[in-house]
Amino acid sequence: MFSEEFDKAKREEIEHELMCRHKSVKRKVYGKTVLNRELVGYTVGGENGLLLCGTFHSMERITCAMLYKFLFSVCKVYESDDRFRQQLSKTGLTVIPTVNPDGVEISLHTEKSAGILCRHVRRCLKQSGEKSERWQANARGVDINHNFDAGFDLVKTNEKKMGITTFASTRYGGEYPESENETKALCNLCRKREFAIAAALHSQGREIYYDYGEHTRKENYEIAKAMSALSGYKVSQPSGIAVGGGFKDWFIEHFHRPAFTIEVGKGKNPLSMTVFESEYKKVEKMLWYLMRYTIKNSGG
């Protein structure tokens, strides 16, 4: 089930299986992309608690597969364990496997899948000298994980130092924070639901990022250390253009609550799906830890 690339067709297939097997999961469209593709989230239990997101970048599709598999696991326990069901009903788990569905289609199925923005994507690729399979941004050429309102001025300064001044296949943060449908929809969801903890799955590096600015809580580091002990991943801090503008950064700065970036796997993006099972075992331990921590510390 998890051995293939997770394009739109594959996600629909997995979603159908998930919804048929598990009546406990609720599907919600929380927004749409500029190309009218749905931004889909799934909730088990309550509507607060833990938020998990993946595939901000098109080549990081393995994170989508991991989040779907984790959803299956949580649903199974939720439907068979009364105590867990009561706990999760008071908190909740929300999973957004693919934050950037347009970008995924471009990366897997060329710029032709960008429809009305096909020429625009082609220009961006020509300018960067990249092929479509290396596309990381959304269909407008904005890197979603540089488009959040956290240190955005520094993001733009670092872009200019790297010669990034306009729409591109990667690393361009947009004209202003939340300029993109994907970013704004995710931020609005977080504002509405007030999640206790959030984590974004990226690839690669086997690292855990836990801090951003003065609102980083002491428990962020403690949680990161615990996840590190379970997985063998390294607790780290991003540098250079990776600092600021990200979802984890924005969540910490805006809500003053714990948030993490988990860089799954090791190698060159896109990671081969042949490593999925072995890497998922490490990631699953971290996600279950976050799940239990959220329940314990959020009244579950």
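What radius of gyration would a compact globule with 300 residues have, and what does the chain have? A compact globule would have a value near 19 Å, and the chain has 18 Å, which agrees. The radius of gyration is taken over C-alpha atoms, and the globule rule is 2.2 Å times the number of residues to the power 0.38.

## Basis of the model

This is a predicted model, in which local features need pLDDT of at least 70 and side-chain atom pairs count only at pLDDT 80 or more, while totals for chains, interfaces and linings use all residues. Residues are numbered from 1 along each chain as its sequence is written, and side-chain values use heavy atoms, with hydrogens and water left out.

## The chain as a whole

The chain has 10 helices and 8 strands. Helices (H or I, at least four residues) and strands (E, at least two) are DSSP runs, numbered from the N terminus. Along its principal axes, the C-alpha trace spans about 55 × 45 × 35 Å.

Of the 300 residues, 59% count as buried; buried means under 20% relative accessible area, exposed over 50%, and partly exposed in between (1.4 Å probe, protein chains only). Among contacts (heavy atoms within 4.5 Å) with a separation of 6 or more, residues 24 or more positions apart account for 80%.

## Helix H9

The buried residues are Phe247, Lys248, Asp249, Trp250, Phe251, Ile252 and Phe255. They pack against strands E3 (50-54), E5 (197-203), E6 (207-209) and E8 (259-264), and against helices H7 (181-193) and H8 (218-231). Just after H9, His256 takes a positive phi of about 60 degrees.

## Helix H4

In helix H4 (residues 101-109), 7 of the 9 residues are buried, so this helix is largely enclosed by the rest of the structure. Pro101, Asp102, Gly103, Val104, Glu105, Ile106 and Ser107 are the buried residues. Their cover includes helix H1 (8-21), strand E2 (38-44), helix H5 (118-128) and H7. Thr110 follows H4 and has a positive phi, near 70 degrees.

## Thr63 in helix H2

Thr63 lies in helix H2, which comprises residues 62-80. Its relative accessibility is 0%, so Thr63 counts as buried. Leaving aside neighbours within four places in sequence, Thr63 is in contact with Gly54, Thr55, Leu201, His202, Ser203 and Val264.
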